[in-house]
Amino acid sequence: MQGPPADPIARAARRALPATGIVLAGLTVVYAWVVWNAPPDRVQGVIQKILYVHPPLAFAAYLGFLITGVAGALYLVRRDDAYDRLASAAAEVGVLFATLMLITGPIWARGTWGRWWSWDLRLTLTLLLWFVYVAYLLLRTFTEGSERIARFAAVYGIAGLAVIPLNYFAVQLSQGSIHPENLERGSLGPGMGLPFLLGVLTTLTAFLFLLALRVDVGELRARARARLERAWARGEAA
Amino acid sequence: MSYVVAAYGITALALVVYGLRLARERRTLRRELAIEMESNGG
């Protein structure tokens, strides 16, 4: 496709897509094979294998919200729409991963605790984090293209970052949380380190692939919208 | 086992559907922009 060059972030995303896609395909095959052959947990049994997808989804969601905040800050400093589009794209992909974290968690909880949900601090803050960024997306959906809203969204995205450390350390902060403690080096059983590492790598690669795709689509949408606005302006002038 | 299948299945399905939706929109936008560029003389 010819035409005006894309912004540097969209160009980088476009260039990264094929390589990220190939790495993702390869990692997914190895990940599936390793998880399938991972030893079952002595206490929980097979259901413990959800460990190899649930925390990695949370890490990817955190990364998405972190990028939203950082890109929002850069937008406020440089007033470059490319950063605003990156913030919006990272929030959308981050919410997708957070939603999947909120689905896989209760599935695991139902199989081990016997109930889908518990209103303890970690789970409640996770739900709050999800609502914060769903609200961000709603704000962006209904007010696309407005500079004032882009500035407000940037500040909102930065403020939303405060929930991430609260959410991560909630298990340490609350006494008697039903949610297991955060993983530390050596806390996994024998044969569980590799599938967990592959789970993190595959999920983060999937996140980066989808983010690159979403950034590219965001830039194409902006170009299509600009062309439409120019066409309308020409039509009105005529 | 059904819980594990549900967790992995829902995750894989959601990511694939979202990726395909974006890929389709990307293809459509690129085609539309290319057609418009051609009609405007590049």
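In this predicted model, 24 residues of chain B are in contact with 36 residues of chain A, contact meaning heavy atoms within 4.5 Å. Local features need a pLDDT of at least 70 and side-chain atom pairs count only at pLDDT 80 or more, while totals for chains, interfaces and linings use all residues. Side-chain values use heavy atoms, with hydrogens and water left out; residues are numbered from 1 along each chain as its sequence is written, and chains are lettered from A in the order in which they are written.

How much area do chain B and chain A bury between them? The figure is about 2700 Å², with 76% of it on carbon and sulfur atoms. Buried area here is the accessible area (1.4 Å probe) that two parts lose on being put together, summed over both. On the chain B side, Tyr3(B), Tyr8(B) and Leu33(B) supply 23% of the area buried against chain A, more than any other three residues.

Now for chain A itself. Its secondary structure comes to 8 helices and 0 strands, where helices (H or I, at least four residues) and strands (E, at least two) are DSSP runs, numbered from the N terminus. The C-alpha atoms of chain A fill a box of roughly 75 × 40 × 30 Å along the principal axes. Of its 238 residues, 48% are buried; that word stands for under 20% relative accessible area, with exposed meaning over 50% and partly exposed the range in between (1.4 Å probe, protein chains only). Take the contacts in chain A between residues at least 6 apart in sequence: 79% of them join residues at least 24 apart. The accessible surface of chain A is about 12100 Å², 66% of it belonging to carbon and sulfur atoms. Such areas come from the Shrake-Rupley method with a 1.4 Å probe, and for residues only the protein chains shown count as cover.

Next come the charged pairs. Side chains of opposite charge can pair when their charged atoms come close.

One is Arg214(A), with the closest N and O atoms 3.0 Å apart. This pair links distant parts of the chain, since Glu92(A) is in helix H3 and Arg214(A) in helix H8 of chain A, 122 residues apart. Glu92(A) is buried at a relative accessible area of 18%, and Arg214(A) is buried too, at 6%. Glu92(A) also forms a salt bridge with Arg21(B), the closest N and O atoms being 4.0 Å apart. Arg21(B) sits in helix H1 (residues 2–39) of chain B and Glu92(A) in helix H3 of chain A, so this pair joins two chains. Arg21(B) is partly exposed, at 39% relative accessibility.

Asp216(A) is another meeting point. This residue lies in helix H8 (residues 193–237) of chain A and is buried, at 0% relative accessibility. Leaving aside neighbours within four places in sequence, Asp216(A) is in contact with Arg14(A), Leu17(A), Arg26(B) and Arg30(B). With Arg26(B), Asp216(A) makes a salt bridge (2.5 Å, N to O). Here too the pair joins two chains, because Arg26(B) lies in helix H1 of chain B and Asp216(A) in helix H8 of chain A. Salt bridges that share partners join Arg14(A), Asp216(A), Glu219(A), Arg223(A) and Arg26(B) into one network.

Rings of Phe, Tyr and Trp (its six-membered ring) count as a pair if their centres lie within 6.5 Å; planes under 30 degrees apart are stacked, over 60 edge-to-face, and the rest tilted. That gives 9 aromatic pairs over all chains. Tyr133(A) and Tyr136(A) form a tilted one, 6.4 Å centre to centre and 45 degrees between the planes. These two are separated by about one helical turn because they are 3 residues apart in helix H4 (residues 121–142) of chain A. Both Tyr133(A) and Tyr136(A) are buried. Phe65(A), Tyr133(A), Tyr136(A), Phe152(A) and Tyr156(A) form one aromatic cluster.

Finally, a backbone detail: Arg79(A) has a phi near 55 degrees, a positive value in a residue other than glycine. Most residues other than glycine have a negative phi. Arg79(A) lies in the loop between H2 and helix H3 (81–112) of chain A and is partly exposed, at 43%.

How values were computed: Salt bridge = Lys/Arg side-chain N within 4 Å of Asp/Glu carboxyl O.
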